[in-house]
Amino acid sequence: SNTLITVDERLLKICELLEENIVYYNWVGFYFKNGDKHELKLGPYVGEPTDHTIIPFGKGICGQVAVSNKNFVVPDVKAQDNYIACSITVKAEIVVPIFVNGENIGQIDIDSNTADPFTEADERFLEFVCKEVSKLLD
Ligand code: SME
């Protein structure tokens with residue numbers, strides 16, 4: 001039979017693959033800009049549920065990426081003053097924006113329970129993942 005797979009199901013599968021295959025990726029999720037509101041809304045994710053399903057632009061690591069349009073690698077979350085804690089186990093975070101037709105429409109957000117785990121290879125890899133995601137959304 002012909003199973004229709006939604007965009008959200010595909011995004012969830014990407015989260016699952018990343019969390020299962022990369023030991024230091026412990027929470028993996030997508031945030032997307034919420035219409036014309038100046039906020040991000042949580043999309044598919046794997047890991048501990050978070051209270052932060054809506055994040056205003058500029059707030060936290062995610063909110064800063066919504067306005068900077070740049071990767072944000074945080075080796076030590078305790079050293080950040082504009083940071084939203086989701087879990088006490090998290091030591092580091094990486095956020096990479098997703099562009100559709102040159103516009104920043106959302107991001108992939110990854111939390112790690114390992115200190116300082118992210119390298120430029122993670123940035124290049126996640127940029128590739130975000131490019132693939134942008135094709136699903138276009
Ligand atoms: N730590 C993020 C909030 C989202 S949670 O990591 C899932 C931030 O500072 O924006």
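Guide: Let's start at Phe118, which is buried, with a relative accessible area of 8%. Here buried means under 20% relative accessible area, exposed means over 50%, and partly exposed is in between, using a 1.4 Å probe and protein chains only. Keep in mind that this is a predicted model: local features need pLDDT of at least 70, side-chain atom pairs count only at pLDDT 80 or more, and totals for chains, interfaces and linings use all residues. Residues are numbered from 1 along each chain as its sequence is written, and side-chain values use heavy atoms, with hydrogens and water left out.

Six aromatic pairs turn up in a search of the whole structure. One of them joins Tyr24 and Tyr25: their ring centres are 5.3 Å apart and their planes sit at 90 degrees, so we call the pair edge-to-face. To pair, rings of Phe, Tyr and Trp (its six-membered ring) need centres within 6.5 Å; planes under 30 degrees apart are stacked, over 60 edge-to-face, and the rest tilted. Tyr24 is partly exposed at 23% relative accessible area, while Tyr25 is buried at 0%. Tyr25 also pairs with our Phe118, this time tilted, at 6.0 Å centre to centre with 50 degrees between the planes. That pair links distant parts of the chain, 93 residues apart: Tyr25 is in the loop between helix H1 (7–21) and S1, and Phe118 is in the loop between S6 and H3. Helices (H or I, at least four residues) and strands (E, at least two) are DSSP runs, numbered from the N terminus.

On to the open spaces. The largest pocket holds about 240 Å³ of space. Its lining counts 23 residues, and Trp27, Cys86, Ser87, Val90 and Asp111 are the closest to its centre. Strand S1 (27–33), helix H2 (60–68) and strand S6 (103–112) each give two or more residues to that lining. A pocket, by the way, is an open set of points on a 1 Å grid over the protein atoms alone, where a 1.4 Å probe fits, with protein on both sides within 12 Å along at least five of seven lines; lining residues have an atom within 4 Å of a point. Grid points are joined across faces, edges and corners, and a volume is the space filled by probe spheres set on the points. The second largest pocket has about 160 Å³, and its lining includes Asn71, Phe99 and Lys131.
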